[in-house]
Amino acid sequence: MSYDIKPWREGTLAENLASAGVSRRDFVKYCAGLAAIFAVGTPEMAHAAPAQKAAEELADKLGAITKPNVVWLQLQECTGCMESTLRSGGTTVEEVVLNLLSVNYNELVMAAAGEAAEKALEETNAREHILVVNGSIPTKDGGIYCTIGGKSAEQVLQESAKNATMILAVGACAVYGSVQAAKPNPTGAVGVDEIIKDKQVINVSGCPPIGEVITASLTYILTHGKAPEVDSEGRPLFAYGQRIHDSCPRRPHFDAGQFVRTFDDAGAREGWCLYDVGCKGPSTFSPCPIVQWNLKSGWPIGAGHPCIGCTERDFYDRFTPFYDKLPNIPGFGVEATAEKVGLGLTGAVAAGVAVHAGITAARAAADRKATKNSPMAAFGDNAVGGENNSLNEDATSDKQNSEAK
Ligand code: FSX
C-alpha cells in the first residue's frame, strides 16, 4: 500500500495520517508494535501479545499530538544511531509517521546545508523543542576535535539545550562517551549529562540502540510530555529494565552448564550458552532478545556471537577483550545462578549483591526504578500515581532516588 505523504499541515498527527491515506486500523497496528516494546519493561508481559486496548490507547494519544519541533544533533559518533533509527520498524505506516515528524534540524537527513541549516538550527533553538543528541562531546583543548559551523560541540549542545523541554541522549557515545572516551580518551569525550546538569537527560544507550527503542522513547515523551521511568543510569525502564540474560533463548544451556568453548565446537552448533566465550549478557541491560534487530530477523547472540555489553557504562574499557569470559565474582562461579552473576557485575546494583542475590530479575528491575510517573497501560504501567509534568522536578527526584540507592 502506498501513501500520499506530504509535509505536516495544520492539525494533529491523526488528521495528517488520514489525509496521507493511512487508516485508523493500520495506525493502531503500528501502535501495537510500539506497545509491545513498552511491555518489555514488565517481565510478565514481555512475551504476551500486545493488548488491543493498549494499542488503541497509544493510537489515541499519539494521534492527538501536533507537530513537535525537534533538533537532532550529531556530535562525535559514527552515524550508526541515525542508521538504526531510520531503519527501525520499516513498515510503511512507520515511514509515514517518521516523515511527518521530520526534524527541524539534523545534518544527515535535512535538505538544507551551510548557512540555511545554521539558520534552521537557530530558529528552532529559539523556541521550545525536543533535543535529541547522538555522539559524545570532546572537552579537551577547547573542544577543537568536533566543531560545527565554527562552534565547538559543547557550545552547540549548550545552545540547543537552553530551550529544550526534553533531552534524549541516543547511543552509547551520547550517554557515556563510549569508544571515544575509552582510555586514554584523547579528546576528553563525555556524555551529554556531563555537560547538561540542570535538566534531566533521558539516556537511550547502545552502540547503536535498537531503532525501535529509539522511536519508542520518542513516542513516550511525545505522548506523555514527560520522561519515562528511568533506572539509575537514566535509561527508560520499559526497555532497559531487564538483563539480556533474563530472556536469552540460550539461558537453559547456561542453567544446565552447557557452554560453547570455541566457536566451531559441537556446543556452538547446538546453540549452547556463549558465556564461556565472552558473552556479557548476564551484566547487560537491554531488550535485544525480545525486540531483536532488523525487523526481528536476528540479533547477535541469536547469530552465535557473544553480547559485548554495549548498553553499559564504559563497556569498551570494562568488557574488552570481548572474547574473555566475564570475571568470576568472589563466591559466584560459573555454576552461580544467573541472578547472582548479573547482579554481581552490574554497577548500579553491585553494592546490593548481598541483599539482592536471591531476588528475581523482575524484582531487580523494580528496585532500579528511579521515579514513578503517570500510569498508561500501553507502557506497561500500573496505577502508580505521582503525576509530575515538570522536567526539572523529575530530574531532581531521579537524582535523589538514584543517590539514595
Ligand atoms: Fe556512538 Fe551513534 Fe555507536 Fe555509532 O550516533 S553509539 S559509535 S553506533 O553512531 O553514537
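Start by selecting R24, F27, V28, Y30, C31, A32, L34, A35 and F38 in α2 of this predicted model; they meet Q52, A54, A55, E56, L58, A59, D60, L62 and G63 in α3. Colour that contact by class and you get 13 nonpolar, two polar and three charged residues. Now show the two helices whole, residues 24-38 for α2 and 52-63 for α3. Their axes come within 8 Å and cross at roughly 110°, which means α2 sits roughly perpendicular to α3.

Next, the sheet. Pick out β1, β2, β6 and β8: they form an open sheet in the order β1-β2-β6-β8, with parallel pairing. On average, neighbouring strands here are turned by 20° against each other, direction ignored.

Zoom in on β6 (residues 164-170), which three bridges join to β8. Click L168 and look across to β8: its bridge partner there is I202.

Helix α6 (residues 114-126) touches β1 and β2 (129-134), and its direction makes about 125° with that of β1. Helix α10 (residues 211-224) touches β1, β2, β6 and β8, pointing at about 165° to the direction of β6.

Over at C288, the nearest cysteine sulfur belongs to C310, 6.5 Å away. C288 is buried too, with a relative accessible area of 11%.

Definitions and conventions. Residues are numbered from 1 along each chain as its sequence is written. This is a predicted model: local features need pLDDT of at least 70, side-chain atom pairs count only at pLDDT 80 or more; totals for chains, interfaces and linings use all residues. Side-chain values use heavy atoms; hydrogens and water are left out. A disulfide is a pair of cysteine sulfur atoms within 2.5 Å. Buried means under 20% relative accessible area, exposed over 50%, partly exposed in between (1.4 Å probe, protein chains only). Axes are lines fitted to C-alpha atoms, for helices over the stretch in contact, and angles run from 0 to 180 degrees between N-to-C directions. Helices (H or I, at least four residues) and strands (E, at least two) are DSSP runs, numbered from the N terminus. Angles under 35 degrees count as roughly parallel, over 145 as roughly antiparallel, 65 to 115 as roughly perpendicular and the rest as oblique. Contact means heavy atoms within 4.5 Å. Ala, Val, Leu, Ile, Met, Phe, Trp, Tyr, Cys and Pro count as nonpolar, Asp, Glu, Lys and Arg as charged, and the others, Gly among them, as polar. Two strands pair if DSSP finds at least two bridges between them.
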